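Subject: Handing over the two-chain model

Dear colleague,

I am passing on to you the structure we spoke about, and below it I have set out what was found. Please read the text with the structure open beside it.

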Protein chains: 2
Amino acid sequence: MEKDWDIVEVLRHSRHDWLNRLQLIKGNLDLNRLDRAKAVIDEIVIEAQHESKLSNLNCPLFASLLLKSNWEGHSFQLEYEVLQESESLTFNDCLLTNWTNSFFGCLNSAIEAFQENHLSITIDLKAEGVRFFFDFSGIIIKNELIEKFLNDPKSSEMDLVVKEFFENELALEVFMPFK
Amino acid sequence: MEKDWDIVEVLRHSRHDWLNRLQLIKGNLDLNRLDRAKAVIDEIVIEAQHESKLSNLNCPLFASLLLKSNWEGHSFQLEYEVLQESESLTFNDCLLTNWTNSFFGCLNSAIEAFQENHLSITIDLKAEGVRFFFDFSGIIIKNELIEKFLNDPKSSEMDLVVKEFFENELALEVFMPFK
């Protein structure tokens with residue numbers, strides 16, 4: 001899992017993503033779909049704004065984990081949304097990152113590869129801390145791995161609530177108090 | 001000069017560059033200049049191809065130096081062009097990177113800030129090695145710093161030829177033999 005990402009490699013992945021986005025704009029322009037091309041640009045800008053807000057949250061470990069997640073060959077596609085903007089957060093970045101990393105690993109082993117598996121993370125800043133909402137939709141084939149992970153001491157030390165847990169959906173809420 | 005670039009920071013700079021490019025496309029679309037928008041996309045793709053070829057040259061130190069150069073607040077804008085594609089090069093990456101890094105530092109001290117200063121690097125693969133052509137155009141105000149640098153032992157150990165050296169231009173050719 002752990003990999004030493006150097007600047008050349010990070011930019012190689014990022015360039016690949018951006019060229020795909022550009023291709024989407026170009027494809028629409030070639031078909032004279034000007035409005036669709038503009039809409040694609042707006043969507044890309046919003047996505048970049050979430051990346052930017054994530055990068056400003058003062059949690060470099062967690063931000064790194066999320067930013068590179070889709071380049072690590074997981075069986076699920078990650079997207080995330082940061083509902084507010086802030087630069088002054090201080091929660092336990094390391095604890096959250098370790099737990100999330102383990103959760104990604106568990107999810108990878110528990111779901112069916114090559115299916116439409118999506119994990120969405122919503123980050124909601126509250127007065128006393130940050131609420132992280134993990135919402136997976138896709139095909140879970142090994143429930144028992146997820147159950148084991150949720151009962152693991154690693155998960156017990158988190159302020160974690162299981163909101164939904166079905167074959168096609170898993171929703172968890174993690175609360176990280178400010179230090 | 002040296003800075004520890006983490007993934008969050010690298011992507012922050014890269015995102016900023018890409019959003020500027022996107023803005024250029026969007027600006028043209030808003031003015032209904034469809035052809036200009038397509039031409040901008042083509043230019044961006046070519047630029048990205050040079051970045052990609054640079055990243056594949058098997059010289060991670062030199063590639064990193066060039067990729068992040070425009071994010072380091074130099075008084076000149078860097079662009080580069082890789083004339084051929086290759087993945088099997090082996091030259092002294094460390095030697096070239098150290099020399100180039102010193103050259104960037106020297107140039108920064110020798111030129112007038114806030115002017116149209118451009119450094120273009122052309123990378124040309126030859127049978128016995130790689131030819132690096134450094135072409136600066138802008139305003140040099142401290143010739144003596146460049147003379148000193150070119151006569152420095154650091155430069156003497158390079159296979160270096162001064163092609164042009166005027167107030168507004170400096171052209172150097174560096175040859176790196178294959179190992």
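Buried area, as the term is used here, is the accessible area, taken with a 1.4 Å probe, that two parts lose on being put together, summed over both. Please keep in mind throughout that this is a predicted model.

In that sense, chain A and chain B bury about 3,000 Å² between them, and 75% of this area lies on carbon and sulfur atoms. On the side of chain A, the residues that lose the most area to chain B are Ile7(A), Arg15(A) and Trp18(A), which together account for 21% of what that side buries. Counted by residues, 33 of chain A are in contact with 33 of chain B.

Between the two chains there are four salt bridges. Arg15(A), named above for the area it loses, forms a salt bridge with Glu51(B), where the closest N and O atoms are 3.0 Å apart. There are also eight residue pairs in polar contact between chain A and chain B, with both residues at pLDDT 80 or more.

Which elements give two or more residues to the side of chain A that touches chain B? They are the helices α1 (7-30), α2 (34-55) and α3 (60-69) of chain A, and α1(A) gives the most, with 14 residues. By class, this side of chain A is made up of 19 nonpolar, six polar and eight charged residues.

Turning to the inside of chain A, you will find an open sheet of five strands in the order β1-β2-β3-β5-β4, with mixed pairing. The strands β1 (77-82) and β4 of chain A stand at the edges with a single partner strand each, so one side of each is left without a neighbour in the sheet. On average, and with direction ignored, neighbouring strands of this sheet are turned by 15° against each other.

Two of the strand pairs in chain A can be followed in detail. Strand β2 (residues 118-125) and strand β3 (residues 129-137) of chain A are antiparallel and are paired over eight bridges, with Ile123(A) standing opposite Phe132(A) in β3(A). Helix α4 (residues 93-110) of chain A packs on the sheet, where it touches β1, β2, β3, β4 and β5 of chain A, and its direction makes about 170° with that of β5(A). Helix α2(A), for its part, lies across β1 and β2 of chain A and runs at about 70° to β1(A).

The other pair is β4 (residues 159-165) and β5 (residues 169-177) of chain A, which run antiparallel and are joined by six bridges. A hairpin of three residues leads from β4(A) to β5(A), and Phe165(A) stands opposite Leu170(A) in β5(A).

Chain B also has an open sheet of five strands, with the order β1-β2-β3-β5-β4 and mixed pairing, and its edge strands, β1 (77-82) and β4 (159-165) of chain B, each pair on one side only. Here eight bridges join β2 (residues 118-125) to the antiparallel strand β3 (residues 129-137) of chain B, and Asp124(B) has Arg131(B) as its bridge partner in β3(B). Helix α2 (residues 34-55) of chain B lies across β1 and β2 of chain B, at about 70° to β1(B).

With kind regards

Technical notes: Residues numbered from 1 in each chain as written. Chains lettered and ligands numbered in written order. Predicted model: local features only at pLDDT ≥ 70, side-chain atom pairs only at ≥ 80, totals over all residues. Heavy atoms only, no water. Contact = heavy atoms within 4.5 Å. Salt bridge = Lys/Arg side-chain N within 4 Å of Asp/Glu carboxyl O. Polar contact = N/O pair within 3.5 Å; in protein donor to acceptor, adjacent residues only side chain to side chain. Helix = DSSP H or I, 4+ residues; strand = E, 2+ residues; numbered from the N terminus. Nonpolar A, V, L, I, M, F, W, Y, C, P; charged D, E, K, R; others polar. Pairing = 2+ DSSP bridges. Axes fitted to C-alpha atoms, helices over the stretch in contact; angles between N-to-C directions.
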